[in-house]
Structures are given as C-alpha cells and as structure tokens.
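I opened a two-chain model today and kept notes as I went. The entries follow the order in which I looked things up.

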Amino acid sequence: MSGKSVMGGGYGEYSAYTALELGAMVQSRQVGVEELARAALDAAKASNGDINAFITFSDDVAMSQARAVQSRIDSGDIPSRLAGVPVAVKDNISARGVLTTCASLILDGYTPMYDATVVERLRGAGTVMIGKLNMDEFAMGSTTETSAYGPARNPWDTERCPGGSSGGAAAAVAAGVAPFALGSDTGGSIRQPAAFCGVTGHKPTYGAVSRWGLVAYGSSLDQIGPIARDARDCAAAMTALSGEDTRDGTSMPYVFDDSAVLRADADALKGLRFGIPREAFETGLDPSVKSLALDAVDLLSDLGASVEWFPFPMFRHAVPAYYIIASAEAASNLSRYDGIRYGRGAAEPGLTLDEAIVRARSEGFGREVKRRLMLGNFALSAGYYDAYYNKALQAKTLLRGEYDSAFQRFDIIITPTAPTTAMRLGESLDDPLAMYLGDVYTVPVNLAGLPAVSLPCGFAGDGMPAGMQFIGRAFDDVGVLRAAVAYQSVTGWHKEGYHAAV
Amino acid sequence: MPLYETVVGLEIHVELATASKVFCGCSTAFGGGQNTRACPVCMGLPGALPALNRQAVEYAVRAGLALNCSITKNAVFDRKHYFYPDLPKAFQISQLYLPLCVDGWVEVSGKRIRIREIHMEEDAGKLSHDPWTDVSLVDFNRCGAPLIEIVTQPDIRSAEEAVEAVRKIRAALSMLGVSDCKMQEGSLRVDVNLSVRPMGSDELGTRAEMKNINSLRSIGRAVTAETARQIEQIELGKPIIQQTRRWDDSKGASSAMRSKEDALDYRYFPEPDLAPLSLSDEWIAERRAALPELPEQKRKRYPVEFGLSAYDTDILVSEKALCELFERTAALCGRPKDAANWIMGEVLAALKDRGEPPDQLRLPPEALARIITLQSDGVVNRNGARRALTAVMSGEAEDVDGYVTANQLAMVGDESALAGIVRQVMESDADSVAAYRAGKEKAFGRLMGQAMKALRGKGDPGRLKELLTEALGEG
C-alpha cells in the first residue's frame, strides 16, 4: 500500500461499535443520544481532511433530533433498535433545510423544501442524521472522483478511491465515523464502494424502498439502501426503510422484518442452493479477487449449502444495455437543471433563455455527467430510439428471463462484487470504458430489479478488501441478508477494520 | 363546383374536472394566489415523483367510451422533452406509444369523423411577462392539471363541420361531467390542422396547424380564413409551408409562429416513474354501464318521446344544464312541450339578459314545473308566470306559490269583478265602444288592453274576452 490507512477507530471513542451495538447501549443508558451525536459529528469532521466523506455536516438538525429522541426514550418510547444511532445520508437524498448538492456545481446552494421518505422513516426510527455524504456527481461514476467537492478517499489507503458512487458513505462507515449510512444504487453504487471499503452494503429489490426525495439518476434502476459494518446492521436499517409509499408509484407494499435475519447463524446456510454464473468467472477478473470469491464458495459448501455452476449468456450484454438505459433516463431526469429556479445559475441580464440554460449546464455539469447526458440524448433521438433504447430494453427483458429460470433452481446467485479492488486516485478517469466494465457484476442486478448484498470476503494481493455479492429473488431481501448474516457469523472479514489500529 | 377541398383534423385539449392534479394532491381550482397550488411535484423539484390520480384515468376512460373509442388496457405514459420555463421538469408526461383510448368517432351531419386517439397528459404552468422590468414570471398553479388530448383523423371538410364536431364532442364531455369545457377559461382548447387539395384528389396537401383559437365561432372563422390563404398561395404558384400559425381573432387572420425546420425532437420514451396501467375488462365494462345517456341518444329520443323539433332538441342536448332542467321539469309537470318552450324562450332569454352561461343556471326544475302547472291550470297568466320565473332566477324568490300569493299574481277570475271592470272601461271609453259597434274591430283590442290594465295584468284573458264581447253585443 502506498497511501496511509486511517482504519482502526482513530476518530472517536464509539468507532468500534456497530449500529445495533450502539442502539443497545442507548437503550441501556450506557450512552446518551446527544453525546453519541456530538461524538459522531466530531469524528466526521476530524476525518474529513483524510477521507473527505462528507459534503455537509448537519449539526443543528442532528442535535435537535438527538434531544427529541432522548426525550422519547426517557419517556419509555423506544421507536426502533436503531433509536439514538447516528446516520449519514448520501447527498442525493433530500432533507428539508439541509444542503442537497448531488456533488454537482449545478445544485450548489440548493436546499430542499421537503424530506425524502427515507429521511422521514429514519427520523421515525429515532436515528440521528449527522450529515450529507460525498458521491460521484449525480451518482455517475465508480470512484467518487467526479464529485465537485473533491474526491473521497479510501480509509484503507487514502491514495485510493473508496469506489462509487456512494463512496462517501462506504468511507464514512469503514472509518468508523458513521455507524451506518444510506447510499443509492443504480448500477452498483452501494455494493461496489462497500466492497472497496471492506463494509457491507445492501441494494434492495426495486420498489422495496421509496425513492420519493432521491434525486433521480436512472429512475427504473435507482434504489436507496444501507451501507453498514455488517449484514445485521443492514437488516435493521431495512426494517426502518422499507414499506409502501403512495408518493412513489413504483414502490411496493413490501415490509422487511429483520427478526428472522438477526437470529440467523451458520445453520441458515444448510440446504440453501447457491448458483454461480460461469461467465462471471471467465475473463477480466483480478486473480486474487477471483480466488477469494471461490474460497467463499468453498466455505458455503462446507457449511452445508449446495453450490452449482450454471451458464448465464446474457451476462455480457448487461453493461451496454445498462449504459444506454441509465444514460437515457439520466438525460431526461437531469434536463430540469437550468440554473433558473434553484442551484447555481447563469441567469443574468442580456442572456436569452437558451443562452442562460446552455451556460448554466455547461458550467454546472462535470465531464462524466455531460458524457452520459450526450449518450442518453443520442440514444433517445428520433431515428436512433429503436436501434439503441428499444434494443437495450429487449436485452433487459432477456436478462430478466435468464434470472427467472436460474431462480427456479437456486435461492441465491453469487458473484464477485467488482472485478478488482479499489483503484488508485486518478487511475480510471481517463478511460471511461474500462470504468464502465468495472460494473459488470453489479449492473445486471439493477436491470432485473433484484436484491443483492455485497459483503467482505477477504483481502486481495494488494492488501485491499474484496467483496462478493449474494443476489436473491425479487422481494427476498430477507433471504439474501439472512445468508449474509450466516456467512458473517463464521467469518471475520467484516471485522478486520476495527482491530487494525493505526 | 369549387375547385378546392378543405381537409381538417382537430386536436382538442380538455382539462378534466378532477378535484386534484393528475400526479399530485394539489387542487385544480381555477385562480388562487400565484404558486399557492404548487408542491415539489408541480415544481419539478429534484427527487419529486409523480403518483397517478386514478380519478383522472377514469374520467379519460369515460370520455373515450362516450366517443366510441377502444380502451387500451395497458396504456403507458411517456415523457415528451422540451425546454421552456413553464415546464419545470423540462418534460411533459404524456402518451405517445400506447394512448389510453383509440379508434373512436363522432357523428357530424350524418357522417362519422374518426377519432384517432385520446391520450392523457399534464398541463404546463403559466408565464407572464412584465414589460416594465423586462422580467418573466412563472406561476406553477396550472402545472400538472389533468388534460386529455382528443385527436381526430383529417375527416372534416368544412368550417361548419369543424364547428359541429367540436360542439358535439363538447356536449358529450359536458354531459359526462368530466370537464366544464369552458373555451374562454381555457379548459377546452382547439388546434386546427388544415390543408387544401384539388377537388377529387385523394392525396393530402401540406398542412398548417393553427393555435390560440378560443371560441366556437373562431374555429369556423379560422378554417375559412386559412382555406382562403392556402388557396391563394397555390393560385399564386407559391408553396404551402408546413408550419404552426397563431390565430388572431381580432384581425380574423393567422400569422406564422414556427415552421417544420424548427420542429423539436421530443425524445419520447416511456415514463419510468409510472407503471403501465392495468385496466381489467370488468372495470371498463362497469364504466361503460355507468355512462349517462349521451347527447346523441337524447337527440334521437326527444323528437320521438316528447314531440320536440330537431332545432329545439339540438339546443337542449348541447348543454348539460339545459337538458337536465328539461328532463326533470317535464317529468315533474308532465308537460314536456311546455317545458321545452319555456326553456327555449323565457329561460334562455333571461340567461342572456343576465349575461350568464347555461351552466350557471340557478333554476330548480321543481320551480319551473310549478310555474308551468300554475299557468296551465289558469291560476296565473303568462305575464304572472314570467314574473315568477324572473324572481326565481334572480334569487329573489324561492317558493313559487309564496311569491305568487305575496305579489297577488293569481288571475282575477271572479265573474262580478270582471263584469264590473268591463262596465267601467266601456263607460270611460265610449268612443272605442262606438267605434267597435261601427265595425272597427281594432277598438276591441284597445278596450281589452284597458280592462287588463285595470286588473293590473291579472285578468283571465279568455273569460275577459268573452265578457267584453257579450257586453258590446248587448249595446
């Protein structure tokens, strides 16, 4: 490793605990909610020079929430297992009165007038929001280097990226600054940074968590989900987050119940049927990441799971289909940013309407966002729609069909989360195609709308953490997290960061 | 025989009368302080999502069924993109690929004008420009109001047919109650697509689209003027340019807004935030069964059942308020022809005097029925009945009988009282009596008038005439 590691709980006295452990400490009065919130804010600020995980610290919101939660708890009302636990939220999730920039200059200074449903639900569960997390601009990127607020850094090696686009979330959790965080995942943006930072991240089934208030990137693919130290914390967070929301027409009446997940041990793996797509292990995969994933497969088999390879030919079509669909939806979703009504504008006397819009967008969007907006608008243009967008939708339908038939034989599909470990800063920005191929394991899951959890499975040859993902049937979020908890009950990879003192 | 034929297709935007907007819970009421009926959805704020108003879908389906359309059970919403400050998301949620209703028709002067589709969409906001400060302001209150767009095939051949098609569609929608169809307030807006071609040709000419037409009358004027303009172009050997034109009703002429070269690529694609609809056959059948009797059906029934003329029928069925008043009044008083005559005459005249449209009519059918009954029973004469009607319509009176009593409108039918008046008049106007007896029949009317005046208009005219004739004969 060339950079320094900041792992090991160096930022605060509560860094060593998981979210559920902190929740239990709050309930048993070992620590007060305000004290915990203050400590988390201090740790977040202390860490930011090293890892730049935060864009905004929400001290006022945090301290008033903390006081309100403490008085609820004092009156005997415990809203959830996570009551009193600090949380940080990716900066594309709207929080009333708190700057929400999507790490873009075009939203510089934008403060939402309303809360995202997940922000309301986290508050309802008694958690305390300490700030907004760094990310790739509008969630477009795999390194958190496209942020207008500077790159976030990987706590294991600050010369490396934390992954992306929820890189700030993964970095803050890995560094012990935030016990858990909310990310969003359009093509792997929760799972890949979780893998790169050695933490656990869950991308829920599409429709399981409301998107109301999530600044849209690819609407048919976006899902909000938790990043945490382990799968148990992810399950507790999912209990707070899930449930139908009438404000999101794509949300479903699915209620996640963490009780079966939290009880799971290695026995939960017995008889579980795991499928391994052959194509996922053929080319383009770092050999040491590959052998870590295969070790995990062997362990699952040793613990009584059945493991079987199967062909998955649509696998290689997922990345191109994804980049057409996601870019097309992004081009549409981001066309509202004109700099006139909110955010950083270019409206000044003497400009025509078109000139003002062109200038605001030219100055406000970064290179990667512009690349995808152009790609997306091209794909939707008259004369090209059928050749690109419609073709991509057909690929998506075929891909879903292959998953459907695989899930008749298997309970869970297992793949590496990413083909490599975390890249060095600056390494991938000039080669977008290589960067897009890094999403090869994660994007098929979004196209199919399935739940998937990424969990640490060891350290690669470069000393960096590697991750694998468990993919489940639609709305079997409980199933994948239960398997993840079972795996983590007999492995220690997810705990490595806590013990390695700086 | 004319040398050219006009070919017209219509695009009719109708605002649905739902209480809330099509993708959020904001009110659709007209007016209200600027930007007071706007939420994150209306304003297209980052992270806001549309949630479909099922009532709007139901209204659109009812409109489709009433206009003989097939309903697309798995209709899909699409995004239509363009940059304009009254469109805060920079796309309008509309329907391109799978519109809700397709393949309908409306009958106009015995022929069918085909309706290609009816699709749902959302309205945009409203811009106002302040020339003093050179600033444009946006009001998002109208943003997200539910609209349907009814698109006809180019089956219309004249200004009269165009006006008639809009009248028929408007009557059907207003009968359904799915829209208030007010052209002046913009809840019904018509774009006219028009081309001309040599008579007998089967090919369509290059068309122009006219916007900003806001009354039935201006639809006809616009068709006539544009037909003349295009024929003139052709005769002068100039090409017709495919363009959008703005109709100026005060000038009676249109002017070019933009041509096809400026046409936008709307980059339509399916709206990912809204699941495709999934309407069951049962649900559609229930909506069809629940449709009210439509104007076309009433048009056939009234002449047969009530003996009304085609003209009266046409006026009554064009307005929901009028035919409801007619049907209930006729049922209550049992005199449908009187009911029709009263509505066509006194009621419409009173509305005109008051400058009110028919849908603001404040006349309970019970009151009109009672007035008709009182007159036909000879309790009041026509003058008294008219006074009672005016009083009810102005809100001055609620109870017809009470008003008649309080204002002593009941006719004087008492023999001795009438005979006394006849005597009085004959004594005071001996000249007329003499004239009549000398054969000048005109003088009879003069004497009748004086008698009626003396009775303050309340004399039973039939009996009075008999008594006067009798008394004059005795001399």
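These notes cover the interface, then each sheet, then some local details.

**Entry 1: the interface.** I note at the start that this is a predicted model. I began with the contacts between the chains. I find 36 residues of chain A in contact with 29 residues of chain B. Together the two chains bury about 2600 Å², and 61% of that is on carbon and sulfur atoms.

**Entry 2: polar links across the interface.** I looked for charged pairs next. The rule finds one salt bridge between chain A and chain B. In it, the side chain of Arg211(A) meets that of Asp273(B), at 2.9 Å from N to O. For polar contacts across the interface, I get 14 residue pairs. I also checked which helices of chain A take part. Helix 10 (318-333), helix 11 (353-364) and helix 12 (367-380) of chain A each supply at least two residues to the side that touches chain B. Helix 10 of chain A gives the most, with four residues. By class, I count this side of chain A as 17 nonpolar, 12 polar and seven charged residues.

**Entry 3: the sheet of chain A.** I traced an open sheet of 11 strands in chain A, with mixed pairing. The order is 1-3-2-4-6-5-10-11-9-7-8. Which strands stand at the edges? They are strand 1 (54-57) and strand 8 (306-310) of chain A; each has a single partner strand, so one side of each has no neighbour in the sheet. Neighbouring strands here are turned by 30° against each other on average, direction ignored.

Strand 7 (residues 273-277) of chain A runs parallel to strand 8, and five bridges join them. Gly275(A) stands opposite Glu308(A) in strand 8 of chain A.

Helix 3 (residues 59-74) of chain A lies across strand 1 and strand 3 of chain A, at about 160° to strand 3. Helix 4 (residues 117-124) of chain A lies across strand 2 (86-90), strand 4 (180-185) and strand 6 (223-228) of chain A, at about 160° to strand 4.

**Entry 4: the sheet of chain B.** Chain B has an open sheet of nine strands, again with mixed pairing. I read the order as 2-5-6-9-1-10-11-12-13. The edge strands are strand 2 (70-71) and strand 13 (253-259) of chain B. Strand 10 (residues 188-198) and strand 11 (residues 208-213) of chain B run antiparallel, joined by four bridges. Leu194(B) has Ala208(B) as its bridge partner in strand 11 of chain B. Helix 1 (residues 54-66) of chain B lies across strands 2, 5, 6 and 9 of chain B, at about 175° to strand 6.

**Entry 5: one loop in chain A.** I went back to the loop between strand 3 (128-133) and helix 5 (167-174) of chain A, where Ser165(A) is found. A cis peptide bond joins Gly164(A) and Ser165(A), with omega about 10°. Phe138(A) is in this loop too. Its phi is near 50°, a positive value in a residue other than glycine.

Entry 6: Over all chains, I get 63 salt bridges. One of them pairs Arg160(A) with Asp462(A), the closest N and O atoms being 3.6 Å apart. Why did I single it out? Arg160(A) lies in the loop between strand 3 and helix 5 of chain A, and Asp462(A) in the loop between strand 10 (452-459) and strand 11 (465-471) of chain A, so the pair ties together parts 302 residues apart in sequence.

Methods
Residues are numbered from 1 along each chain as its sequence is written. Chains are lettered from A and ligands numbered from 1 in the order in which they are written. This is a predicted model: local features need pLDDT of at least 70, side-chain atom pairs count only at pLDDT 80 or more; totals for chains, interfaces and linings use all residues. Side-chain values use heavy atoms; hydrogens and water are left out. Contact means heavy atoms within 4.5 Å. Buried area is the accessible area (1.4 Å probe) that two parts lose on being put together, summed over both. A salt bridge is a side-chain nitrogen of Lys or Arg within 4 Å of a carboxyl oxygen of Asp or Glu. A polar contact is a pair of N or O atoms within 3.5 Å; within protein, one must be able to donate a hydrogen and the other to accept it, and residues adjacent in sequence count only if both atoms are side-chain atoms. Ala, Val, Leu, Ile, Met, Phe, Trp, Tyr, Cys and Pro count as nonpolar, Asp, Glu, Lys and Arg as charged, and the others, Gly among them, as polar. Two strands pair if DSSP finds at least two bridges between them. Axes are lines fitted to C-alpha atoms, for helices over the stretch in contact, and angles run from 0 to 180 degrees between N-to-C directions.
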